[in-house]
Each structure stands twice: as C-alpha cells, then as structure tokens.
Amino acid sequence: MKNLDSINEIPDFILPEKKNILILKDLITSQMSLFEKSLEQRDKVICITKKKDEIEFKDIYHDFLNFAIFKSYKSFRASLLLAENFLQEDSQTVVRTIYENYLAINHVSKNPREVFHFTYKSLGVTAKLISHPVDKNGRLQKNKIVNPKNGNIENFGLGMSKMAESLESKYEMELHKSLYPYLCEHTHLNMISSGNYRNEEN
C-alpha cells in the first residue's frame with residue numbers, strides 16, 4: 001500500500017489550492033488552540049470527587065456536558081489529522097461522532113432531565129445494575145429498562161432522529177436529513193462509498 005503524504009509535502013502543481021488550504025488549516029489550528037485554553041479554565045469533574053449521597057443533579061449535568069464538549073474537541077483534532085493525511089473517509093467517520101455529540105449536547109441543554117439517558121441509565125445497564133425487561137416470548141426489550149427503585153418499565157436510549165427534533169432552526173433540521181445519512185456512509189459497510197476506496201486502476 002502506498003504511503004500517503006501530508007498536504008505540506010504535496011507539490012503546488014498537484015494541489016493548486018494548497019496555499020488556501022494551508023491558510024484555512026492554520027486558522028482552524030489557532031481557533032482550536034484558543035478553545036483548548038478555554039477548556040482548561042472550565043470547572044473540573046465533580047461527581048467523582050463527592051460521596052454518592054452528596055451528588056446533585058447539577059453535578060451530573062455539568063460533568064456530562066464537560067465530557068461531551070471535551071470528547072468533541074479531541075475527535076475534531078483527530079479528524080483534522082486524518083484529513084490532512086488524505087484519509088478523508090476515516091476523517092468523515094470521526095466527523096459523524098462530533099455531529100452526534102452536538103445533537104446530544106443540544107438536546108440535553110434544552111431537555112436537562114434527558115441527561116439521565118446518557119448517565120444513570122447507560123451506566124446502569126453497562127454495570128448490570130439496571131436490566132432490560134423480557135417480553136412474552138422471552139426476548140430482551142433493549143429499548144426498555146426496569147427502574148430498580150420502583151420496578152416501572154421505562155424507555156431506554158435516544159436515537160439521532162429524536163435528538164434532532166430539538167434543533168430549533170428549520171435549516172438545521174433540513175440539513176440533518178441529508179447530512180447524517182451522508183456521514184454514515186463511511187462508518188458502515190455501505191457500497192455507495194466504495195468508489196472512494198478505488199483508484200483509476202482498480
């Protein structure tokens with residue numbers, strides 16, 4: 001497999017827009033540097049510093065948003081690195097992660113109690129402290145959970161379409177309908193994206 005060069009090493013005659021691309025790259029890098037400094041000034045993780053009975057809802061909300069923002073920042077850095085080295089298909093899979101984080105952040109900021117889908121419920125299922133109910137045929141209902149405190153059956157999981165309903169702009173909502181499926185093309189084994197993995201000889 002041929003090694004891929006960085007944009008910096010590509011001759012100008014092969015990439016005529018190289019200068020503009022590098023200017024944009026430097027601009028993005030400088031903005032990311034400022035964003036990183038702002039992240040360092042944010043409050044640190046709260047929940048793990050408190051005893052279980054001392055944790056408040058605002059602590060869970062704070063820690064989740066901090067995690068989502070920082071995760072998005074690191075994923076964006078990874079996406080830029082992949083794109084710079086002409087691994088644009090892999091960069092696109094990471095961009096999908098960033099977009100999903102954006103949808104989650106936006107949804108939770110407008111529906112704060114939904115943070116429990118990403119924290120209490122998800123962590124509980126992973127740690128096997130919360131179970132899925134079983135239907136009459138003996139199959140697990142993975143879109144439901146049994147509340148361990150009262151035994152009630154509750155919904156589990158938030159789909160992208162559900163979170164996209166929290167988008168306020170009509171433009172964003174329309175964009176989501178085409179953008180998200182497009183971002184999924186390289187994440188899954190979708191043959192529509194196969195052309196990006198071939199060259200003129202193959």
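Predicted model: local features only at pLDDT ≥ 70, side-chain atom pairs only at ≥ 80, totals over all residues.
**Aromatic residues**

Seven aromatic pairs are found in the structure. In one of them, the ring centres of Phe 57 and Phe 116 are 5.6 Å apart and the planes meet at 55°, so this pair is classed as tilted. Phe 116 and Tyr 120 are four residues apart in helix α4, so about one helical turn separates them.

Phe 57, Tyr 61, Phe 116 and Tyr 120 make up one aromatic cluster.

In soluble globular proteins, nonpolar side chains tend to be buried together. Here the largest nonpolar core has 15 residues. Phe 64, Tyr 99, Leu 103, Val 115, Met 163 and Leu 167 are the residues with the most contacts inside this core. Two or more residues each come from α2, α3 (88–110), α4, α5 (160–164) and α6 (170–184). Of these elements, α3 gives the most, with four residues.

Which residues does Leu 103 contact, leaving aside its neighbours within four places in sequence? They are Met 160, Met 163, Ala 164, Leu 167 and His 176. Leu 103 is in α3, where it is among the residues that meet α6.

Two packed helices are described by the angle between their axes and the distance between the axes. For α3 and α6, the angle is about 145° and the axes are 9 Å apart. The crossing of α3 past α6 is left-handed. On the α3 side, the residues that take part are Gln 92, Val 95, Arg 96, Tyr 99, Glu 100, Tyr 102 and Leu 103. On the α6 side, they are Glu 172, His 176, Leu 179, Tyr 180, Tyr 182, Leu 183 and Cys 184.

**Separations along the chain and in space**

| Residue pair | Separation in sequence | C-alpha distance |
|---|---|---|
| Glu 185 and Thr 93 | 92 residues | 8.4 Å |
| Asp 90 and Thr 187 | 97 residues | 8.0 Å |
| Val 146 and Lys 121 | 25 residues | 9.9 Å |

Glu 185 is placed in the segment after α6. Apart from neighbours within four places in sequence, Glu 185 is in contact with Asn 190, Ile 192 and Ser 193.

Asp 90 is located in helix α3. Its relative accessibility is 37%, so Asp 90 counts as partly exposed.

Val 146 belongs to strand β1 and is partly exposed, with a relative accessible area of 22%. Once neighbours within four places in sequence are left aside, the contacts of Val 146 are Ile 130, Ser 131, His 132, Pro 133, Gly 151, Asn 152 and Ile 153.

**Backbone at Lys 128**

Most residues other than glycine have a negative phi, and most peptide bonds are trans. Lys 128 is not a glycine, yet has a positive phi of about 60°. Where does Lys 128 lie? Its position is in the loop between α4 and β1 (144–146). Is Lys 128 buried or exposed? Lys 128 has a relative accessible area of 75%, so this residue counts as exposed.

Technical notes. Residues numbered from 1 in each chain as written. Heavy atoms only, no water. Phe/Tyr/Trp six-rings, centres within 6.5 Å; stacked < 30°, edge-to-face > 60°. Core = buried A, V, L, I, M, F, W, Y, C linked by side-chain atoms within 4.5 Å. Buried < 20%, exposed > 50% of the residue type's maximum accessible area, 1.4 Å probe, protein only. Contact = heavy atoms within 4.5 Å. Axes fitted to C-alpha atoms, helices over the stretch in contact; angles between N-to-C directions. Left-handed = near helix turned anticlockwise from the far one by under 90°.
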